[in-house]
Amino acid sequence: MAAAPFEDKFRQLDELLPTPNDYRTASGKPGHNYWQQRADYQIKAALDDDKQSIHAEEWINYTNNSPDQLDYLWIQLDQNRYQKSSDLLNAAPSPTENKLSFRALAATLKSQDFDGGYKILAVTDKNNQPIHYQIVKTMMRIDLKQPLATSKAFKFHIQWQYNVANQKVLGGRGGYEHFEKDGNNIYEISRWYPRLAVYNDVMGWQNKQFLGNGEFTLDFGNFDVELTVPDDHIVAATGELTNASTVLDASQQERLKQAQSSDHPIEIVTEAEALAHQKNHTQGTKTWKFSAKNVRDFAWASSRKFIWDAQGIKSGKNNVMAMSYYPEEGNPLWGKYSTKAVIHTIENYNKYTLDYPYPVAISVNGSVGGMEYPMICFNGPRPEIDKKDPSQRTWSRRTKFGLISVIIHEVGHNYFPMIVNSDERQWTWMDEGLNTFVQFLAEQSWKEKYPSRRGEPRNIVAYMSSEKQVPIMTNSESLMQFGNNAYAKPATALNILRETIIGRDLFDFAFRQYAQRWKFKHPYPADFFRTMEDASGIDLDWFWRGWFYTTDHVDISLDKIDWLTIDTQDPEIESAYKRARKQEIPESQTELLNKSIDHRLINDPSISDLYDEQDEFTVTNKERNEYSKSLKNLEENEKQLLNTKENFYRLQLTNLGGLVMPLILDIELMDGSKIHRVIPAEIWRRDPKQVSIFQITQGEIKSVALDEKLETADTNIYNNYWPRRPIKSRLELFKEKKEKNLMKDSQEELSQEDETDLDTDANEKKSD
Ligand SMILES: [Zn+2]
């Protein structure tokens, strides 16, 4: 029988990673011929608040920086995911259980009659001549009359209309929320204009269809956007407002100026003003103008209901306005926390990545649970409003910290992927995982022991040993356990690298290198893996391989400890040692019961001899002579080594989970002294399943703990202790359920309670 093939956990990754080239180097840096495309937009849009629809037109100037000639362009039409025929709706599996939330049922029914998706009204060139195009579900191909040569630009025009989805019913990363009591809407408008798909050196055209999970892959460009909305709406958007003097009144302009140098958030639109707006619906319109430089997308929000606060901060050399827009229903939580959480995010992310480069950073409250765009994000949590007395507002611990956390997360997305612009349609983890990791660092600097959901190794344990997993290195649409796979696991892996494998200083240097190298560019996984090694000087191929390419978990078991001391070879000492070991063997049951037997030897001493008087450990002169002789053959230092008094403990460990990790040992000796020892993961390189290590001590070992501070996400800590420790828990008692008793139950009076609480909207809202 042939031996089982050896599994080399340290096999180098190069064979899995793409071959380096002029565009992307082996060190993980952009190459000397790195290029990327550019798309600049001028957009004019009008919001129809009565019909919840948008009419718009855009001029796109597309610059071909690639070395290739392009025959056609691909445009993203993500809004088409709301079409009844969309792959997103049609490829959705049915629920596996026989139960459904009210919310899910309402969404399923509504999606069948919502007239969603883009209506493309015209695609024309700069001479206003029609251009041939073909719509392929969520993508559109534009056929060029002449191929677009290298370093040439092509300008064209698209006109379209679409109905904005009711986000509260249909879900999604944008839409409107309707407020029944005052008749107003909050619009959170995103992926609302036909956008250029990315053409690059790795993917060619990234024109994979939008199925709902793989988000948006976009190139950088400048945006000039004019948004026409009801004239009592307040608009928040990607970019700088360029016509404040037209759309804001004198006092609002004054407050905005004051906010620039304030040390706390200043209300530009107060709660009283917002309440007045939402009462008096006016008929006219206003056009808000925004300009955004070097962004990969543009989103906006509009409502009569908005309170607006702002505080200016410094980000490196840049002046940034941190701002929040929210309805009074968001207070008092939003006024207290939102803008401060925006500022906290920028201060902390700047430390680990790059200086926030944009002029505004905005958090908007609407029905979207959490979604990111350049300079602006949508965040959902609000207090609970008492139905009888709306001024009574309460919130759970989860709502409070959920609000702060989602703002940190979504503002944090400015760094990943809005600036470090990874391919979201392909790799969710490259933005969600990295962002969730820095989110954890930022949360932990909000307050000590901040209740972060993701980042601590102990929080990922259940997922790591769960069924139905795929590796992190899986396309966004094929992920299982989305949040755990693409957010929590990579974030935790990076935290383990930082705290346990590489160390904070070295990790922070390497991670910052990655952000600096790839800001305003398109990195892929290999660029990240290579940069982290290149800048840290640590071979991490085993770590990427295990954590990112497999579904193995950590379960290292401390199985056995052998206690060895030096054999002195001195027959007097060694015989006594062996005798003592033999005496440690307990008397057997037979031996104990036989003690009372009437032994012949006792009754008849004449049969006794030497072997009955001496045991097998009795030292003979022959042994003494051999010992003296053998000593003569030893060097002086060898003789000294025979007198070594240290204890040699051999710890035997097995790898049950598959992932190799460092062995972090905390050893306590009988005298109370402690030894902390970290053995690098490379201990596993010659045998990934079982290793033994030597621990030399002066005294006797009392106990050993493996990974005592829970640094490695070991899924079974029971086998981490020697001796084993019992696991403390509670035994719950319950009453057995009684069978329905028709005779007795039918005698019960009908309850007269007139108020039935039908509020079942306890669903956890998804954030991206
Ligand atoms: Zn996210």
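Here is a short chat about the strands of this predicted model.

Visitor: Ground rules before we start?

Guide: This is a predicted model, where local features need pLDDT of at least 70, side-chain atom pairs count only at pLDDT 80 or more, and totals for chains, interfaces and linings use all residues. Residues are numbered from 1 along each chain as its sequence is written, and side-chain values use heavy atoms, with hydrogens and water left out.

Visitor: Okay, is strand β6 buried or exposed, and why?

Guide: In strand β6 (residues 139–148), 7 of the 10 residues are buried, so the strand is largely enclosed by the rest of the structure. Buried means under 20% relative accessible area (1.4 Å probe, protein chains only), and strands are DSSP runs of E, at least two residues, numbered from the N terminus.

Visitor: Which sense does β3 pair with β6 in?

Guide: Antiparallel: β3 (residues 70–76) and β6 share 6 bridges. Two strands pair if DSSP finds at least two bridges between them. Y72 sits opposite D143 of β6.

Visitor: And how many bridges join β5 and β6?

Guide: There are 4, with β5 (residues 133–136) also running antiparallel to β6. M140 in β6 is the bridge partner of I135.

Visitor: What's K137 doing in that hairpin?

Guide: The β5–β6 hairpin has 2 residues between the strands, and K137 takes a positive phi near 55° there.

Visitor: Switching topic: what's the strand order in the open sheet of 7 strands?

Guide: The order is β4-β7-β2-β1-β13-β17-β15, with mixed pairing. Its edge strands, β4 (119–125) and β15 (240–241), each pair on one side only.

Visitor: How many bridges between β13 and β17?

Guide: β13 (residues 221–230) pairs with β17 (residues 285–295) over 9 bridges, antiparallel. There, V225 stands opposite F290 of β17.

Key
Buried means under 20% relative accessible area, exposed over 50%, partly exposed in between (1.4 Å probe, protein chains only).
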